[in-house]
Amino acid sequence: MIYNSVQDWHNAPQKRVLFYGMSGLGKTHLSNMLRASGDWFHYSIDYRIGTRYMGEWIADNAKTHAMQVPFLRDLLMTDSIYIGSNITFDNLSPVSTYLGKPGDPAKGGLPIDEYRVRQDQFRRAEINALEDTSYFIERAGRLYGYPNFVCDTGGSICEWVDGDNPDDPLLTELSKHCLLVRIQGDDRHTQELIRRFDRAPKPMCYQPEFLEACWREYLNENNVSEDAVDPDSFIRWTYARALAHRAPRYEVMAKWGVTVTADEVAAVTDVNAFESLIAQALERAG
């Protein structure tokens, strides 16, 4: 860890942290609060994915749909209109919309082969965006003069690393530059996340082996063909399994940094409280 003690943390002229954990536990809440203080640069992995690594695919997908409308097709073919995504830190819908859901096209689903392609695109984009962290630390200081840095990761970071491998390349790189901070929920948080997802299911990115196992099991359990799968039904069915699949992966990542609870995060209202929380986490970690 780049801060081995509470004193190291308090004395550091440049504080650099990376948040990870299940989506919905407070990563972006903390990041937005720190950015609003004026002294922290907020690096959003999902924003980087959508603007740098998947922006062209996202725009082309929108153009593909627009080309099916004769009026819009004519305007596009004459360069009379421009179509692009309006991604912001608070609106990452273009990314999730592009990622999509597998199943019946009549219900907004994607053929499973196309879904797999987009899953792999996101996997590579997320890894690339995470690898860009050190560049943005340097850029934030050189260009903007920010003394402190927060990396706000997506929920799927645990899918691409092996926390039990002391030489894991991505975790090794990230831990060189940031204090890795796990935000941990309990069973109550998990049930609330499931209820929230059930009300408004959103696309997710899965480890390929996990996706294939879930897809086969869902088809067999429901005796349904690939092109007849209800997309929302499938991702609802998969979500709780995905949380259970990710929990031990987050757990083994915890040895690379410190852990705070979602309840502790919810109680943080300013930078001083945040810095105290990290100090407490370092003290617990010994």
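These legends accompany close-up views of a predicted model.

View 1. Five strands form an open sheet. Their order is β2-β3-β1-β4-β5, and the pairing is parallel. β2 and β5 (residues 257-261) are the edge strands, and each pairs on one side only. From one strand to the next, the twist averages 25°.

**View 2. The β2 end of the sheet.** Strand β2 joins β3 in a parallel pair over five bridges. In this region, Y43 stands opposite C151 of β3. β2 covers residues 40-44, and β3 covers residues 148-152. β2 is an edge strand, with pairing on one side only.

**View 3. The β5 end of the sheet.** Strands β4 and β5 are parallel partners, linked by five bridges. Q184 stands opposite T261 of β5. β5 pairs on one side only, yet this strand is mostly covered. Four of the five β5 residues are buried.

**View 4. Helix α14 across the strands.** α14 (residues 271-285) lies across β1, β2, β4 and β5. The helix runs at about 120° to β5. α14 is also among the elements that cover the buried residues of α2.

**View 5. The buried side of helix α2.** Helix α2 spans residues 27-36. Its buried residues are K27, L30, S31, M33 and L34. These residues cover an arc of only 165° around the axis, so they sit on the same side of α2. Which elements cover the buried residues of α2? The cover includes four strands by name: β1 (16-20), β2 (40-44), β3 (148-152) and β4 (179-184). Helices α13 (262-266) and α14 (271-285) are also part of the cover.

**View 6. The residue G38 after α2.** G38 follows helix α2. Its phi is positive, near 95°.

View 7. R48 belongs to helix α3, residues 45-53. Is R48 buried or exposed? R48 is buried: its relative accessible area is 15%, and the cut-off for buried is under 20%. Leaving aside residues up to four places away in sequence, R48 touches Y43, Y53, A129, D132 and F136.

Key: Residues are numbered from 1 along each chain as its sequence is written. This is a predicted model: local features need pLDDT of at least 70, side-chain atom pairs count only at pLDDT 80 or more; totals for chains, interfaces and linings use all residues. Side-chain values use heavy atoms; hydrogens and water are left out. Buried means under 20% relative accessible area, exposed over 50%, partly exposed in between (1.4 Å probe, protein chains only). Helices (H or I, at least four residues) and strands (E, at least two) are DSSP runs, numbered from the N terminus. The arc is that of the directions from the helix axis to the C-beta atoms. Contact means heavy atoms within 4.5 Å. Two strands pair if DSSP finds at least two bridges between them. Axes are lines fitted to C-alpha atoms, for helices over the stretch in contact, and angles run from 0 to 180 degrees between N-to-C directions.
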